[in-house]
Amino acid sequence: KGFPPGPFPLPVFGNLLEIDFTNPLLSLKKFSDVHGPVYSIYLGFMPAVVVRGLKDLKEVLVTRGVEFADRPQNRLSELISGRKGLVVAPYGRRWKEHRRFTLSTLRNFGLGKRSMEERICEESAHLIEELKKNKDSLYDPHYVLENAASNIICSIVFGRRYEYDDLTFQNILNLLRENTKMATQLWAQLYNAFGFIRHLPLPHQKILRNVKTIFEYLRKDLEEHKRTRVPEQPRDYIDCYLDEMDKEQRDDNKSTFEEENLFLCVVDLFVAGTETTSASLDWCLLYMMLCPDIQEKCREEIDKIRGKRDHVDYEDRVNMPYTQAVLQEVQRFSSVVPLGVAHATIKDVQLNGFTIPKGTTIITDLTSLHYDESQWKYPYDFNPENFLDKNGELQKVDSFLPFSAGPRVCLGENLARMEIFLFFTSLLRHFEFRLPDLKSPPDATPVFGISQVPKRFKMWLVQRA
Ligand code: HEM
């Protein structure tokens, strides 16, 4: 009673057949045109509430963020992560302690000897070297950008990077990629809805096999860490975690820090931190190629601020409003995580006059903010002016939430911003990115997924002096 209205659900399938899975964002917008900014849909038997627009999303994510800070629990997430890790862990002590620990570990790396910025600049130098091997040719940048982004997580977690052609690591990345893909397909909804399906030879068996292989790799690495570590002098996330386990063992309270949780946190950092960042960099290069004037204006600003130095530093960004506006516009226009990560209610709640029971899935349509006609000067164009005032200064826009907001806000937001800025400025300092063929530019329609990626494209890499 009082549940938000929505399109009429069919028996068994709910509204699944009405959703265009190649572009669900359009289907969600159409439902909202009829039922308003807060409405329900049925994914099979499972009801979910979709929330769109600044007023209601702010309420759900921030103002009453805690009431909506749970994650939906379903068969698949239970099977893969058993309520552990960071991304799909339910709201509660275990998630809070691991989130706090991970955030403070990332922050300490920022202050420590080998700072986060240094790690990114080091990786950036490797990336530029790799691209130089392919200068003056038609080049698909996807794999090296993905490797560069994942190497930042490697450096944080394992304290080392991998060469771009390292087969072991390529294998792990492939398994993670395969699992994310399988877990977001239609069969996964059916698996969650129908108990008997779990006895069929469906992709969940493969997902489990992949997780096992990844865990075997992590177990070996953990043994190596245990052999070589100096307690209280952590080099990386795994060392910090082992220190935490030592500390917790001395406490009476039953600890939430244990090996399996460490593995799931590591997997989550890779899953959440690799494709999102590398897709953002893919989009950056694609738009720069499609908009050479904007590319040139950015480069002028980078060269001016850099002066005789080899590269700009992260702190230089405050004097680079145009470049910052361009990067934010890339994030707005591509909406890399279009629906955020599903939330769930921790108790019965009221929203917009409707009653939503405890445990209901909440879909946060972040893209609705990024294309809201009442919030943007040019909602449907790629235009950095969306983030600039009339004096060319960067302006804050409330409706820009690529990392979501509130208690579940992206844990890697600061790291991702730093990576995108440093990689992007370094790429533009060393290369010009040109269209392979002026007459047939690449298709910039996104491929929908948990993260929206561009279709694969090639570009002319022209090395600058
Ligand atoms: C451009 C890059 C990125 C984008 C656009 C992005 C976006 C997001 C979004 C929208 C969420 C969901 C927030 C919510 O539930 O309301 C999220 C969660 C998360 N992100 Fe990111 N992210 C990016 C990079 C990263 C990086 C580099 C890391 C790793 C350090 C990371 C780690 C996480 C984690 C662990 C969560 C789950 C937080 C929780 O449930 O408490 N993300 N991210």
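Good morning, colleagues. Because the model is predicted, local features need pLDDT of at least 70 and side-chain atom pairs count only at pLDDT 80 or more, whereas totals for chains, interfaces and linings use all residues. Residues are numbered from 1 along each chain as its sequence is written.

I begin with confidence. The average pLDDT of the protein is 92, and 97% of the residues score at least 70; pLDDT is the predictor's confidence in each residue, from 0 to 100. The ipTM is 0.99 and the pTM is 0.95.

Next, the overall fold. The protein contains 15 helices and eleven strands, which are DSSP runs numbered from the N terminus (helices H or I, at least four residues; strands E, at least two). The C-alpha trace spans about 65 × 60 × 40 Å along its principal axes. Of the 465 residues, 39% are buried, that is, 20 or more other C-beta atoms, placed from the backbone, lie within 10 Å of the residue's own.

I turn now to the ligand. Which residues come nearest to the ligand? Among the 26 residues around it, they are Ala272, Gly273, Ser404, Cys410 and Gly412; a residue is near if its C-beta atom, placed from the backbone, lies within 6 Å. Helix 11 (259-290) and helix 15 (413-430) each supply at least two residues of this shell, and helix 11 gives the largest share, seven residues.

Methods:
Buried ≥ 20, exposed ≤ 12 C-beta atoms within 10 Å, placed from the backbone.
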